[in-house]
Amino acid sequence: MIVPYYHVIILAAMLFALGMFCTLARRNLIMILLGVEIMLNAAALAFVGAALQWQQMEGQAVVLFVLAVAAAEVSVGLALMVSIYRRSGSLDPDVRLTPAGKGAE
Amino acid sequence: MTLFAILFYAMAALVLLSTALAATRRNMVHAVLCLVVSFFGTAMLFYLLGAPFLAALEIIIYAGAIMVLFLFIIMMIRTDRQPDKIFTTGRLIAAGSICAVFLFALVGLTLEHPGGRDLLMAAQASPAEFGFYVFKYQWLSIEIVSMLLLVALIGALLLGLKLRRRSTDA
Amino acid sequence: MPLSFPIDVSLASAAAALLLPLTAFGIIMVAVRPYRRLCAGISIAAVGLSLMLAVFLLIRHLGMPEPVVYQKSWLAIGMMHIPFGILLDPSSLLMLTVVSLISFLVQVYSLGYMAGDPGFSRYYGCMSLFAWAMMTLSISSSLIQIYIFWELVGLSSYLLIGFWFEKFSASEAGKKAFVMTRFGDVAFLLGLVLLWLQMGDLDIVRLNDPAAVTQNLSPAMITLTGLLIFGGIVGKSAQFPLMTWLPDAMEGPTPVSALLHSATMVAAGVYLFARLFGYFSLSPTMMSVCLAIGTISLLMASTMAMVARDIKQVWAYSTISQLGFMLMGLGAGSFFSGVFHLMTHAGFKALLFLSAGVFIHHFNTNDAFSIGRQGGRKLKSATICMMVAAGALSGLPPLSGFFSKELILGRLLELGNPAWFVAGALGAFLTAYYAFRLVFLILFPKTGDAGAAPDDGHHHHQPAGALAMNAVLWILAAVTIVLGFWEHHVTTFLASALGAGRSQPIGHHPWLPIAAGLLAVSAVGLAWLEFGRKKARQIGFIERLPALARFFAQRWYLDRLYRYLLDKWVYQGISRLFTWNDKKVIDGAVDGFGGTAIHIGTLIGRLHTTMIQNRLMVMALAIVLMVLYFGLSG
């Protein structure tokens with residue numbers, strides 16, 4: 001007997017909205033990635049809550065996959081960030097890369 | 001209000017606060033550190049919600065590995081040229097309104113549903129049970145996910161190699 | 001459902017029969033492509049083993065009381081289960097045997113035909129894939145599985161038709177086959193989805209159970225889904241109006257055509273109809289549509305074949321018309337006649353194409369006149385085999401085609417309307433006429449004929465594989481001769497598991513065999529008069545009416561019509577829009593096209609280089625709208 005299920009869901013929704021805000025508003029590529037992490041985490045929280053609500057193990061298993069996806073996404077995403085930074089010298093999401101692969105500046 | 005519930009709400013407040021801080025820090029190192037705190041809180045929540053194994057994973061992978069990776073990258077990239085504003089006003093308004101509508105809709109949807117009012121039954125899936133379940137019923141997904149990780153590894157490696165080649169060219 | 005041990009012998013052998021060609025495909029494509037002989041060996045061995053297993057299964061289940069089904073859930077989405085499994089019943093076993101037999105023979109034949117081709121290994125890889133797809137299709141237990149392998153069959157035939165892809169017409173033909181069958185497949189898929197929504201599953205056994213179907217579906221719904229599924233059949237089996245891809249599909253190597261036309265690609269359509277026969281027969285409208293489409297295809301394709309000069313093209317048209325004939329038989333409500341004709345047709349059509357392949361291989365031309373002039377009849381075994389096969393195609397008495405055609409005609413006669421029977425008989429007459437027109441053209445060449453330029457193909461004069469090719473021809477000829485006498489056995493076998501509802505005995509008209517035989521003989525006689533005898537001018541009666549002949553030779557202008565529609569509606573419509581957008585470009589259509597292409601390119605490019613966050617914003621907005629939608633509607 002802990003808390004009502006919908007409190008967990010609302011908490012997850014608030015976290016998700018925060019992550020979404022971070023992703024949409026920050027003018028920095030790394031912060032965008034960080035926002036995605038927050039959203040993934042929020043989804044994981046909702047899954048764990050759902051697993052408890054229906055006493056099903058699937059929810060927890062999905063969280064495991066969320067973790068794996070997050071790890072994969074971060075490794076590739078950060079490698080991309082570094083590559084973009086090297087090419088353009090900036091982490092501004094508005095950076096334009098010319099098709100030839102050299103920084104616009 | 002049981003002890004569990006008190007712990008839950010305290011943790012929820014901690015998580016929300018630290019996440020909000022993380023989303024608004026100008027210094028990215030601070031943001032990442034706030035997020036680490038948030039993930040510790042989430043791990044605690046996982047424990048309360050009956051997933052001790054996932055709580056451990058959350059700390060080890062999220063707070064331990066992923067966030068540290070972020071820190072590495074942030075330190076690798078010396079961002080002296082921070083933009084003056086971390087938000088532009090137009091973007092702030094647009095993003096804020098989208099998120100507000102989203103939150104509003106989601107909370108409304110959740111509250112509307114009567115099934116969520118019941119208190120959660122406390123239960124715990126021990127790591128052994130969890131492992132048994134995952135490898136009995138979800139083994140294929142596990143294999144696929146491990147494949148995904150391998151692909152990500154190779155992708156990151158490839159990007160790194162390209163970088164090195166370019167820097168030796170230059 | 002876990003496998004129970006000890007393993008069921010039937011299941012194990014069926015699964016092995018299916019997995020062998022797939023394994024061969026994998027091994028050939030991944031590991032051993034540089035070793036040509038090894039590739040061919042692996043592929044042939046795999047199909048040969050599959051053939052043995054198929055025969056074993058056939059014998060094992062010879063007297064089986066009811067269909068054997070092995071199913072395992074492959075995917076479960078909520079309440080929907082997508083099962084994957086094997087359904088062994090008489091028709092699927094027969095089909096499996098026929099498919100593996102023809103694949104095996106064609107692959108052996110290809111040893112000679114394809115020797116020296118640079119794509120030899122790729123060829124055998126694709127052949128294995130093809131065999132795997134078709135064999136799995138034939139013993140699939142649910143429609144969704146059939147659909148998956150149906151598309152795989154389409155894919156592998158695309159690969160094989162466009163096998164000589166460096167030749168423009170070949171890659172075009174491959175594309176045409178793929179796209180035109182896709183038209184039908186869209187309808188098929190829609191039908192499947194509708195059916196799924198109504199029935200809850202797509203199990204073939206259940207779909208053929210009248211009680212289960214009528215309980216879940218209204219008669220109108222049965223007709224609608226039936227018609228949609230029939231659309232797929234029309235595309236696959238090259239029936240009217242989606243028939244024009246098949247004659248073009250001969251751009252592939254001849255053994256491929258043999259496989260494509262006899263037991264695999266086009267037969268898949270008719271086979272699907274036979275598979276769902278119980279379902280289709282619940283809707284009389286559906287059956288009459290099938291009858292009508294079959295009749296139209298039969299007659300149209302026969303007329304086209306009467307004026308074609310290209311030997312492979314004639315056989316291609318004959319495939320369309322014979323498939324139409326099968327559909328007539330099925331549409332008239334006779335399951336056996338259609339399936340039996342499908343089997344006999346597989347045998348003699350493979351034989352026709354393979355013997356034509358010998359000529360083409362030897363003389364380097366597809367043109368029947370020029371083969372005849374160069375002494376086609378000197379290739380004795382090929383000529384004899386072709387005559388046997390043409391005889392079967394025409395329905396001459398002791399050959400297999402005679403028996404199956406007679407069954408269909410007999411069934412048509414029982415329909416109330418004599419028009420169907422007349423149309424069928426006319427089709428049979430025309431079939432015999434054009435088949436023997438070609439035979440006589442090759443047998444009795446006339447020197448005075450206007451020369452036709454031999455087209456340059458990828459053919460290689462290598463006597464090495466001739467033995468394999470001839471051996472295959474003789475085997476098939478033997479099958480063609482013998483198969484007809486097994487009519488009774490096949491019928492009882494098919495009847496054994498189908499229940500009484502579907503085994504309407506075909507009424508016996510003692511005069512019908514004689515009449516059918518006479519019909520065929522008279523058609524052959526007409527062909528002899530015009531093409532065979534010493535003084536014959538080798539001009540068919542159609543060619544005396546030039547307008548009609550041109551009409552037929554142009555395939556009733558169907559291709560032109562499609563091209564016109566494509567140009568008129570698709571190309572012109574869009575380009576007019578472009579020009580309107582871009583008034584500055586007035587330098588004719590070509591410049592206009594190029595200019596608009598650049599214009600669109602920059603537009604799309606701008607979309608690509610736009611700031612990442614703007615796109616994220618759109619994505620988030622879409623999510624929010626979706627949440628709102630579900631919130632408000634739910």
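Q: What does the secondary structure of chain C come to?
A: Chain C has 27 helices and two strands, where helices (H or I, at least four residues) and strands (E, at least two) are DSSP runs numbered from the N terminus. This is a predicted model, in which local features need pLDDT of at least 70 and side-chain atom pairs count only at pLDDT 80 or more, while totals for chains, interfaces and linings use all residues. Residues are numbered from 1 along each chain as its sequence is written, and chains are lettered from A and ligands numbered from 1 in the order in which they are written.

Q: How much of chain C counts as buried?
A: Of its 634 residues, 51% are buried, a label given when 20 or more other C-beta atoms lie within 10 Å of a residue's own; 12 or fewer make it exposed, anything in between partly exposed, and the C-beta atoms are placed from the backbone.

Q: And what about helix 1 of chain C, how far does it reach?
A: Helix 1 of chain C covers residues 9-30, which is 22 residues, and reaches 30 Å from its first C-alpha to its last, close to the 32 Å expected at 1.5 Å a residue; the expected span is 1.5 Å times one less than the number of residues.

Q: Where does that helix bend?
A: The bend in helix 1 of chain C is about 25° and sits at L19(C), with a proline, P21(C), following within four residues; the angle is taken between axes fitted to the seven residues ending there and the seven starting there. P21(C) is also one of the buried residues of this helix, which include L18(C), L20(C), A24(C) and F25(C).

Q: Why is M304(C) labelled the way it is?
A: M304(C), which belongs to helix 14 (residues 284-307) of chain C, counts as buried because it has 27 other C-beta atoms within 10 Å. Its C-alpha atom is separated by 8.0 Å from that of V314(C), ten residues apart along the chain.

Q: Switching to interfaces, how many residues does chain C put into its contact with chain B?
A: Chain C gives seven residues and chain B eight, with two residues in contact if their C-beta atoms, placed from the backbone, lie within 7 Å. The chain C side has six nonpolar, one polar and no charged residues; Ala, Val, Leu, Ile, Met, Phe, Trp, Tyr, Cys and Pro count as nonpolar, Asp, Glu, Lys and Arg as charged, and the others, Gly among them, as polar.

Q: How many does the contact take from chains A and B?
A: It takes 59 residues from chain A and 76 residues from chain B. On the chain A side, helix 3 gives the most, with 21 residues, and the residues of that side divide into 45 nonpolar, nine polar and five charged.

Q: What elements does chain A have, and in which order?
A: Chain A has three helices and zero strands, so its run from the N terminus on is α-α-α. Buried residues make up 61% of its 105 residues.

Q: Is Q55(A) buried or exposed?
A: Q55(A) counts as exposed because it has 12 C-beta neighbours inside 10 Å. It lies in the loop between helix 2 and helix 3 of chain A, and its phi is near 55°, a positive value in a residue other than glycine.

Q: Which stretch of chain A has pLDDT below 50?
A: Chain A averages a pLDDT of 84, and 88% of the residues score at least 70, pLDDT being the predictor's confidence in each residue, from 0 to 100. The stretch below 50 is residues 98-105 of chain A, which has ten contacts in the model beyond near neighbours in sequence. Where pLDDT is low, the predicted coordinates should not be read in detail.
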